[in-house]
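Here is a short report on one protein model. Keep the sequence and the structure in view as you read.

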Amino acid sequence: MSEDDMRDHDAGPHIHPSAVVAHAARLGRGVHIGPFCTVGPDVVLGEGVRLVSHVAVAGHTTIGDGTRVFPFASLGHEPQDLKFRGETSELRIGRDCMIREGVTMNPGTAAGGLLTSVGDRSVFLAQSHVAHDCRVGDEVIFSNNVMLAGHCTVGDNAILGGGAAVHQFVRLGRHSFVGGLAGVEHDVIPYGIALGNRAHLAGLNVVGLKRRGFSREAIHELRRAYKLLFSGAGTLRERTEAVAAEFGGHPQADEVLAFLRDGGERAICVPRDGRDLP
C-alpha cells in the first residue's frame with residue numbers, strides 16, 4: 001500500500017458533495033463515496049469501501065472492508081418477490097469484493113431466513129444479479145449478466161459464465177463451473193461443470209482444480225469416483241453408496257457424497273446418457 005493510500009485509509013470518510021448519505025449510516029475509516037451515490041440510514045460500510053459513482057445502497061445492508069462498487073449498482077433494495085410484505089431483512093456483502101456496473105443484489109425474505117449473504121473476495125461483473133435469500137460463498141466469480149434466482153446456494157470458488165441463469169433453490173457446489181448462457185435447473189455437484197440449456201453435467205472442473213493447487217493424485221481419484229457415480233449400474237442412490245464404500249476418506253469424493261446426501265429442493269444435474277465423463 002502506498003503512502004497516499006495509507007493516508008486515505010486512515011482518514012475519515014470522503015463524501016462527494018453530490019452524494020446523499022443518511023446521517024444514521026455507519027461509515028468506516030477511509031470510505032470513499034463518489035458523485036451521485038445514495039446511502040440509506042441502515043447501511044454499514046466497512047473500512048476502505050469505495051462507491052465509485054451513481055451507486056444506490058439501501059435497506060439493512062452491510063458491505064465489508066475494502067469492497068469496491070462501480071456505477072449504477074443497486075444494493076439492498078426490496079427483493080423482487082411478490083410475497084414480500086416489507087419485513088426487515090438483510091443483505092451482507094463480504095470483504096474485498098468487486099461489484100461492477102449495474103449489479104443488483106436484494107435482501108432476504110421471511111420465507112428464506114431474512115438474509116442474503118455474499119462472502120469475501122468475490123467478483124460480480126456487469127449487470128449480474130443476486131436475488132433474495134441466496135447464500136454466495138468466498139472467491140466466487142459471476143461473469144457479465146449472470147442471473148441467480150432466489151434461495152440459491154453457491155459454494156466457494158464457483159465460477160459462472162456470462163449470461164448463465166440459475167433456477168431458484170438450486171445449489172452449486174464448491175469449485176463448480178457453469179458455462180456461459182447455461183440454464184441451470186438442477187443442483188451441480190462440487191467440482192462439476194454444467195453446460196447447455198437446459199444444463200447437463202459435463203465432467204469435472206479439472207482446469208479449476210489444477211489452478212487451485214489440487215494434486216494430480218487427488219484429481220485422478222476424484223475422476224475415478226465421478227465415473228463410478230455417473231456411469232455405473234443401478235440408481236444414483238445405489239451408486240452413491242458404492243462410491244462411499246470405495247472412496248470413503250478421500251476428501252473431494254466425501255464432499256461430493258455429502259452434497260448428494262444433504263439433498264435440496266432440486267434434483268441433481270447429471271450427464272446426458274452417460275456421456276461427458278472426464
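Ala-165 has Gly-183 in strand 26 as its bridge partner. Strand 23 (residues 165–166) pairs with strand 26 in the parallel sense, over 2 bridges. Pairing here requires at least two bridges found by DSSP between two strands. Strands (E, at least two residues) and helices (H or I, at least four) are DSSP runs, numbered from the N terminus.

Both strands belong to an open sheet of 9 strands, in the order 2-5-8-11-14-17-20-23-26, with parallel pairing. Strand 2 (20–21) and strand 26 (183–184) are the edge strands, each pairing on one side only.

## Basis of the model

This is a predicted model: local features need pLDDT of at least 70, and side-chain atom pairs count only at pLDDT 80 or more, while totals for chains, interfaces and linings use all residues. Residues are numbered from 1 along each chain as its sequence is written, and side-chain values use heavy atoms, leaving out hydrogens and water.

## Strand 12 and its two neighbours

Strand 12 runs parallel to strand 9 (residues 60–63), joined by 4 bridges. Thr-62 stands opposite Arg-92 of strand 12. Strand 12 also runs parallel to strand 15 (residues 115–118), again with 4 bridges. There, Leu-115 in strand 15 is the bridge partner of Glu-90.

Side chains alternate along strand 12. Leu-91 and Ile-93 point to one face and are buried; buried means under 20% relative accessible area, exposed over 50%, and partly exposed in between (1.4 Å probe, protein chains only).

## The largest nonpolar core

In soluble globular proteins, nonpolar side chains tend to be buried together. The largest nonpolar core here has 68 residues. Such a core is a set of buried Ala, Val, Leu, Ile, Met, Phe, Trp, Tyr and Cys residues joined through side-chain atoms within 4.5 Å. Leu-51, Met-105 and Phe-142 touch the most other members. Elements that each supply at least two residues include strand 12 (90–93), strand 28 (200–204) and helix 4 (236–247). Helix 3 gives the most, with 6 residues.

Which residues does Phe-142 touch, not counting those up to four places away in sequence? Among them are Val-123, Phe-124, Leu-125, Leu-148 and Leu-160. Ser-128 and His-129 are also on the list. Contact means heavy atoms within 4.5 Å.

## Helix 3 against helix 5

The axes of helix 3 and helix 5 come within 9 Å and cross at roughly 35 degrees. Axes are lines fitted to C-alpha atoms, for helices over the stretch in contact, with angles from 0 to 180 degrees between N-to-C directions.

Ala-218, Leu-222, Ala-225 and Leu-229 in helix 3 meet Gln-252, Ala-253, Val-256 and Leu-260 in helix 5. These residues divide into 7 nonpolar, 1 polar and no charged. Ala, Val, Leu, Ile, Met, Phe, Trp, Tyr, Cys and Pro count as nonpolar, Asp, Glu, Lys and Arg as charged, and the others, Gly among them, as polar.

## An aromatic pair

The model has 3 aromatic pairs. Rings of Phe, Tyr and Trp (its six-membered ring) pair if their centres lie within 6.5 Å; planes under 30 degrees apart are stacked, over 60 edge-to-face, and the rest tilted. Tyr-191 and Phe-214 form an edge-to-face pair, 5.8 Å centre to centre with 80 degrees between the planes. Tyr-191 lies in the loop between strand 26 and strand 27 (192–195) and Phe-214 in the loop between helix 2 and helix 3, so the pair ties together parts 23 residues apart in sequence. Both residues are buried.
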